[in-house]
Amino acid sequence: FKKTFMKTILLSLSVLLMSLVPSATDSIYQFKVKDINGKTFDFASLKGKKIMIVNTASKCGLTPQYEQLEALYTKYKAKNFVIVGFPANDFMSQEPGSDKEIAQFCQLNYGVSFPMMSKISVLGEDKHPLFVALTEQSKIPGEIEWNFSKFLLDKDGNLVARYVSSVEPMSDEITGEIKELL
């Protein structure tokens, strides 16, 4: 009787704990992060928009993708599309600067006007909870392999596509998927 009772208790606790872990689609609008200027950015403010989340870096061979990200944002922002950049220093220390330095770099070199967030971690024990949801709890799981990985979410916050770093923002693959979402 004790073993059965304990198993039932453990199973009930497991189910309860699993129900407390939000899926990426349940939680995307629950996230509040700091933007690159230290202000609170509430993902709930993006409800109804198509969102591309990108982990970025200023000293990477792929850093010129900022130019295409800005072009993509400019092309589709009037159609409820937004890009949200997250600087991360997880890959070969390619984002060593402070938030202020990153903001200046992005503005001066690429004219970035899409929302940029405060520097975070996208890997390891200190991985930001948003990236836990995107990489571990979504229907497209897997660790981020490098800077400029891209996550595309539909107007309801559902992750619909994920692109590796080498897929350029203005590629037919990405623009085609965005057009389908519009």
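Trainee: Let's start at I174. Does it count as buried or exposed?

Mentor: Keep in mind that this is a predicted model. I174 sits in helix α6, which covers residues 172–181. Buried means under 20% relative accessible area. I174 has a relative accessibility of 0%, so it counts as buried.

Trainee: Which residues does I174 touch, leaving aside those up to four places away in sequence?

Mentor: A contact here means heavy atoms within 4.5 Å. With sequence neighbours up to four places away set aside, I174 touches M52, L72, K150, Y163, V167, E168 and P169.

Trainee: And how far apart in space are I174 and R162, C-alpha to C-alpha?

Mentor: Along the sequence, I174 and R162 are 12 residues apart. In space, their C-alpha atoms are separated by 9.4 Å.

Trainee: Zooming out, what pattern does the chain follow along the sequence?

Mentor: The chain has 6 helices and 6 strands. Of its 182 residues, 45% count as buried. Reading along the sequence, you get α-α-β-β-β-α-β-α-α-β-β-α.

Trainee: How many bridges join β3 to β4?

Mentor: Strand β3 takes in residues 50–56 and runs parallel to β4. For one of the pairs, look at V54, whose bridge partner in β4 is G85. The number of bridges joining β3 to β4 is 7.

Trainee: Now α3. What span should its 12 residues have, and how far apart are its end C-alpha atoms?

Mentor: Helix α3 takes in residues 65–76, and at 1.5 Å a residue it should span 16 Å. That agrees with the distance between its end C-alpha atoms, which is 17 Å.

Trainee: Within what arc do the buried residues of α3 fall, seen down its axis?

Mentor: The buried residues of α3 are Q65, Y66, L69, E70, L72, Y73 and Y76. An α-helix has 3.6 residues a turn, so residues three or four places apart point the same way. The buried residues of α3 line one face of the helix, because seen down the axis they fall within an arc of 160 degrees.

Trainee: What covers those buried residues of α3?

Mentor: Both strands and helices take part in the cover. Included are β3, β4, α4 (99–110), β5 and α6.

Trainee: N80 is not a glycine, so to the backbone: what is its phi, roughly?

Mentor: N80 lies in the loop between α3 and β4. At 38% relative accessibility, it counts as partly exposed. Although N80 is not a glycine, its phi is positive, at about 60 degrees.

Trainee: Last one: is F148 buried or exposed?

Mentor: You'll find F148 in the loop between α5 (129–135) and β5. F148 also has a positive phi, about 70 degrees, although it is not a glycine. Its relative accessibility is 0%, so F148 counts as buried.

Key
Residues numbered from 1 in each chain as written. Predicted model: local features only at pLDDT ≥ 70, side-chain atom pairs only at ≥ 80, totals over all residues. Heavy atoms only, no water. Helix = DSSP H or I, 4+ residues; strand = E, 2+ residues; numbered from the N terminus. Buried < 20%, exposed > 50% of the residue type's maximum accessible area, 1.4 Å probe, protein only. Pairing = 2+ DSSP bridges. Expected span 1.5 Å × (residues − 1). Arc of directions from axis to C-beta.
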